[in-house]
Amino acid sequence: MTKRNSLGIRLRYAFDKSMAAGPIALIGWLAVLSLLIIIAAAAFLAVTRIAPEGGEPLNFFEAFWESLMRTLDSGTMGGDTGWAFRLVMLVVTLAGIFVVSALIGVLSAGVDGKLDELRKGRSQVLESDHTIILNWSPSIFDVISELVIANASRRRPRIVVMANMDKVEMEDEIATKIGKLGNTRIICRRGDPTDLYDLAIVNPQTSRSVIVLSPDGDDPDSQVIKTVLALVNDPNRRTAPYNIAAEIRDGKNAEVARVVGGAEVQLVLADQLISRIVVHSSRQSGLSGVYSELLDFDGCEIYTIEQPGLTGKTFGEAMMSYEHCALIGLCDRDGRVDLNPPSDLVIGAGSRAIIIAEDDAAIRLGSPGTEVDKAAIIGPRPADKQPERTLILGWNRRGPIITHELSRYVAPGSVLTIAADTPDLEQDVAELVVEGNNLSVQCRVADTSSRTVLTGLDVPSYDHVLVLGYSETMAAQPADTRTLVTLLHLRKISDDAGLHINIVSEMIDVRNRELAAVTKADDFVVSNRLVSLMLAQASENQYLAAIFDDLLDEAGSEIYMRPVADYVAIDRPVTFWTIAESARLRGEIAIGYRRIRGAQEDHRALGGVTVNPLKSEALAYLPEDRVIVLARD
């Protein structure tokens, strides 16, 4: 191979490398080429002593300057004289036109490439103290809406979203489905949350918290677990622990997720959360409003906060020392949650108080309640549990969990009838697991949106009716439409029978909740919204998942709605201090009430539920009103 060919190959290799390096390298090559042309022209003019007609010969530096001017501006040679000088300058000018044209093309391609890169959402996020949302699902809009409310008091809050979607599509959907963003800025990036390189784009090292949504598609839990694994095992991760809130659909995968995430991850078990709230709401009308209030940033929230002033007090004394908030439990140094501990438990140093309050500024210790009307307090009355008849209309993957939860609460001799027309329903029912022998299960394959079928089921004979969405066999909107049709038929059956039927319905899309209000069902559980609220709250409070695990566990303290008349005399107005003291004497914590007369003025659609009322306000109650308590039975 000749030296000339070898040199050509090396130059071509260098040029190819610069092409791959990007616009900056190409601009450098064009600058070098321009310089070579100018030097060659200057040297030629200096050696040949060619000059404009009637002018002096140019030295190298003067010739260099003249060549540079004609390279940058082709119009400069218009005043040249002498054909020899004109010919040299023409060559220089043509070379300059080529170089400048190439430069413009390179710059244009570079700008287009950068804009395309920005559109794809592959640029690095430089924010700090931001909230990261990984994956895309219908829950994301409620999550962002709640975080916007939580960020109202923060300075320059940022939410970074990354999913395998086009950046512009994500931004358009968020702008369309979410109203005002307030002071919060949304930043979208495209990438694979399970990939370490892509995760680095959203800068988790400086993040405030990370929310991992369960994506649509096959085996979503695996994607969530891989994402958590990538976050906590990144070789370049920060030393401080992350605050990760992750959604898991199937409870069977929870143990693996906990092993992977350790203490850095809070798991929101979506199906378990929804199923338990459906069961609890079916047995206590209006209970879903309590959970919505506790999970919604727009109302009262659960705070876990140090209260040194409680050290040395008993829990009962501490509970009666807050007028504007409600103390419901304690969290020890190791993060273990204890809701509704014994009233005589002495609070030790280092314990964190678990408090329901409108905001953290309202958490102030005061004097123990002195407005207790002891004469109005009524002692506990024994109540016998009676067998119950429950009807489930519709079926989805949460059905088995709902059945098992129901079997833990009912009295012996209770009956559950399941009616739906999903594939393999009879086999699913045959494989159901119930606890104990208190509940017997029956199955009927039928179209639950048919009035004839519902009439044949003798709906008024049941104590509770649960309407589940066909979310496994239908999309969200068709499933909710079928639920609405079923609810309308149930309303007509109830009106014709002249009886009140206790109906709780599961809705998938929160927008259909308002449409369903005309059916006059007792309660609605909006599945996607509850999961979204839980994830948003967990991203702000690292103890929240453990608190709700205890609230929804039959073995722990749970929320009950009981007649106010069982706690205090209702023949005169009483303060909530009195109700709270009556509950405390029973080993319970009163956290609110549900007043029937207040339901019409309830602009937040909570069914007249008020959580964390002002304790000093005296109110008159009706026999139908309920007190909301945290109790172990």
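Buried here means under 20% relative accessible area, with exposed being over 50% and partly exposed in between (1.4 Å probe, protein chains only). Helices (H or I, at least four residues) and strands (E, at least two) are DSSP runs, numbered from the N terminus.

Before I go on, the model is predicted: local features need pLDDT of at least 70, side-chain atom pairs count only at pLDDT 80 or more, and totals for chains, interfaces and linings use all residues. Residues are numbered from 1 along each chain as its sequence is written, and side-chain values use heavy atoms, with hydrogens and water left out.

Confidence, then. pLDDT is the predictor's confidence in each residue, from 0 to 100. The protein chain has an average of 84, and 87% of the residues score at least 70. Over residues 11-21, pLDDT stays under 50, and the model has seven contacts for that stretch beyond four places in sequence. A contact means heavy atoms within 4.5 Å.

Of its 633 residues, 49% count as buried. Among contacts with a separation of 6 or more, 74% come from residues 24 or more positions apart.

Back to the sheet. Which strands form it, and in what order? It is an open sheet of four strands, S17-S22-S19-S20, with antiparallel pairing. Two strands pair if DSSP finds at least two bridges between them. At the edges are S17 (558-563) and S20 (609-611), each of which pairs on one side only. On average, neighbouring strands in this sheet are turned by 30° against each other, direction ignored. Axes are lines fitted to C-alpha atoms, for helices over the stretch in contact, and angles run from 0 to 180 degrees between N-to-C directions.

Strand S22 covers residues 626-631 and pairs with S17 in the antiparallel sense over six bridges. In that pairing, Glu558 stands opposite Ala631, and Tyr560 stands opposite Val629. S19 and S22 also run antiparallel, joined by five bridges. Val629 of S22 turns up again here, as the bridge partner of Ala590. Helix H20 (residues 576-585) lies across S19 (589-594) and S22, and runs at about 130° to S19.

Next, a helix pair. Two packed helices are described by the angle between their axes and the distance between the axes. For H11 (residues 287-295) and H18 (residues 527-540), the axes come within 9 Å and cross at roughly 35°. The contact is made by Ser292, Leu294 and Leu295 of H11, with Leu530, Leu533, Met534 and Gln537 on the H18 side. By class, that is five nonpolar, two polar and no charged residues. Ala, Val, Leu, Ile, Met, Phe, Trp, Tyr, Cys and Pro count as nonpolar, Asp, Glu, Lys and Arg as charged, and the others, Gly among them, as polar.

Last, the backbone. Most residues other than glycine have a negative phi. Asn340 has a positive phi of about 50°. Asn340 sits in the loop between S9 (337-339) and S10 (352-357), and is buried, with a relative accessible area of 6%. Asn612 also has a positive phi, near 60°. Its loop runs between S20 and S21 (618-619). Is Asn612 buried or exposed? At 10% relative accessibility, Asn612 counts as buried.
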